Amino acid sequence: MVLPVRSRRPFRPQVRTFAPVSSGAAPAAPLPTQSFAELGLTEGMLQTLERVGYSHPTPIQALTIPRALQGRDVIGGAQTGSGKTAAFAVPVLERVEVGSPDVQALVLCPTRELAAQVTLEFEKLAAHLQVEILAIVGGDSMGRQLDGLRRHPAVVVGTPGRVLDHLQRHSLRLAGIRIAILDEADRMLDMGFAPDVERILQQTPKQRQTLLFSATVPAWIHRLAERHMRDPETLSVAGEMELVPTIRQWCIECSWAEKEEALTMLLDSPQVRTGLIFTATKRNADLLHAALLARGYDVTVIHGDLSQRDRDLALERFRKSRVRFLIATDVAARGLDIEDISHVINYDAPSSPEDYVHRVGRTARAGREGVALTLITPIEILKIRDIERHTHRAIERHQLSDLRLLAGSVGELVG
Ligand code: AMP
């Protein structure tokens, strides 16, 4: 299929769209199936899904799994939180040949964190199978990865740089690949991985199946689809920009100079049990981290310039509630799946409505409630309007003076 080349914009493909379950809205069209059993899965997979507590497919799973099982190429419009990982992991695991010495499926992810989460999801869903799943990401021990590759993994989940590294060393062969998966393809493009992704795909057999997941479809993805995919079907869930209804959102107008004061007033509230704080840049993240530490806050930081060890450590501490606040950049927080984050705080406003939805989607997970707070300077107020337009949800406005008036009882506002 020749896809028209379009400029970068929210992913709203026309092929088949269904309302998301997470929005709580009535489906725009009946979902294609109501249960995993109707998707044509094996008994072993159905039992595993039951064991891990997935009672019904999410919309993107219901759409993608049957096509992927037929061997079709698919472009899935889905974001983290939609269940997109299982949408490709389930059909991949149903299609791998147990006992084959080849790497049969390769998943490329933009970040090490996402690769780690994808690997965990695969391992969970492969409980009934005798297959090895291996993560090969930058920053991890090469020796361990080489050992892992000698164990003949059926599925390799990796970041493009390290996968290429192994290809150049001939420690990884892709001649037996039956399925290639590009996860968060738009982010791989943002992070400069486009040439690496193409080089990797060129080393896989032409007749392979390709599954591509992306929140947006920049022109590169159209070209990639033309060059590397066979008649892909584009599937998406309508209303992707919708936020789960259990998120409450408001913004606080303040000047640049007042931002730190506004933030600390929020952090001092006991209602803000755990906070994920977003900054626009790595430098801002470091500066804010230092400022909050100096004020005695229990805070850590994660961004792309930190070593893998430091990033893992920061995430682990936050995940296990050993630290109350985590400062992150957009890229570093990609794919973060921590169930219990009470508040997302945008210290720096997000650069697009998509980024806003990604950020605030880190709270109110798994049916919980969550609050999204955005500090906004007067010249950025248009960004809030843009977000409101895209998400069809109002964001309550407050002034810093409202917080000052509340003094010690900010919690009434943010709780
Ligand atoms: P993902 O969008 O792949 O990052 O998935 C988001 C979260 O949803 C993960 O914690 C998954 O374990 C969970 N999940 C995926 N599919 C289902 C399902 N069908 N039912 C319940 N939870 C799911």
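Colleague: In this predicted model, which residue has its backbone nitrogen 3.2 Å from a polar atom of the side chain of S342?

Modeller: S342 sits in the loop between α13 (330-333) and β13 (343-346). Leaving aside residues up to four places away in sequence, S342 touches Q271, V272, R273, T274, T363, G370 and V371. The backbone nitrogen that lies 3.2 Å from a polar atom of the S342 side chain belongs to one of these residues, R273.

Colleague: Is S342 buried or exposed?

Modeller: A residue counts as buried when its relative accessible area is under 20%. The relative accessible area of S342 is 5%, so S342 is buried.

Colleague: Which backbone oxygen does the side chain of Q209 reach at 2.7 Å?

Modeller: Q209 belongs to strand β7 (residues 209-214). Not counting residues up to four places away in sequence, its contacts include R67, A68, G71, R72 and D73. The backbone oxygen reached by the Q209 side chain at 2.7 Å is that of R72.

Colleague: With which side chain does the side chain of Q209 make a polar contact, and what is the relative accessibility of Q209?

Modeller: The side chain of Q209 makes a polar contact of 2.6 Å with the side chain of R95. R95 is also among the residues that Q209 touches, as are R178, I179, A180 and R230. Q209 counts as buried because its relative accessibility is 2%.

Colleague: How many residues surround the ligand, and which are the closest?

Modeller: The residues of the shell divide into two nonpolar, nine polar and five charged. Helices α3 (84-95) and α4 (112-125) each supply at least two residues of this shell. In total 16 residues surround the ligand, and the closest are Y54, Q61, G81, G83 and T85.

Colleague: At what distance does an oxygen atom of the ligand lie from an N or O atom in the side chain of T85, and what share of the ligand's own accessible area does the protein cover?

Modeller: An oxygen atom of the ligand lies 2.7 Å from a polar backbone atom of G83, and an oxygen atom of the ligand is 3.4 Å from an N or O atom in the side chain of E121. For an N or O atom in the side chain of T85, the distance from a ligand oxygen is 2.5 Å. Of the 500 Å² of accessible area that the ligand has on its own, the protein covers 79%.

Colleague: How many disulfides does a search of the whole structure find, and why is there no bond between the sulfur of C251 and the closest cysteine sulfur?

Modeller: C251 is buried, with a relative accessible area of 0%, and C254 counts as buried at 4% relative accessibility. A disulfide requires a pair of cysteine sulfur atoms within 2.5 Å. The closest cysteine sulfur to that of C251 is in C254, and it is too far for a bond because the distance is 9.8 Å. The number of disulfides found in the whole structure is zero.

Colleague: Why is helix α10 largely enclosed by the rest of the structure, and which of its residues are buried?

Modeller: Helix α10 spans residues 259-267, and seven of its nine residues are buried, so the helix is largely enclosed by the rest of the structure. The buried residues of α10 are K259, A262, L263, T264, M265, L266 and L267.

Colleague: Where does H170 lie, and what is its phi?

Modeller: H170 is in the loop between α6 (160-169) and β6 (179-182). With a relative accessible area of 68%, H170 is exposed. Although H170 is not a glycine, its phi is positive, at about 60°.

Colleague: Where is S321 placed, and is S321 buried or exposed?

Modeller: S321, which is not a glycine, has a positive phi of about 60°. Its place is in the loop between α12 (308-319) and β12 (325-328). A residue counts as exposed when its relative accessible area is over 50%. The value for S321 is 56%, so S321 is exposed.

Colleague: Of the residues of the protein chain, what percentage count as buried?

Modeller: The protein chain has 17 helices and 15 strands. Among its contacts between residues at least 6 apart in sequence, 76% join residues at least 24 apart. Of the 415 residues of the chain, the share that count as buried is 57%.

Terms used. Residues numbered from 1 in each chain as written. Predicted model: local features only at pLDDT ≥ 70, side-chain atom pairs only at ≥ 80, totals over all residues. Heavy atoms only, no water. Helix = DSSP H or I, 4+ residues; strand = E, 2+ residues; numbered from the N terminus. Buried < 20%, exposed > 50% of the residue type's maximum accessible area, 1.4 Å probe, protein only. Near = heavy atom within 4 Å. Polar contact = N/O pair within 3.5 Å; in protein donor to acceptor, adjacent residues only side chain to side chain. Areas by Shrake-Rupley, 256 points an atom, 1.4 Å probe, with all protein chains shown as cover. Nonpolar A, V, L, I, M, F, W, Y, C, P; charged D, E, K, R; others polar. Contact = heavy atoms within 4.5 Å.
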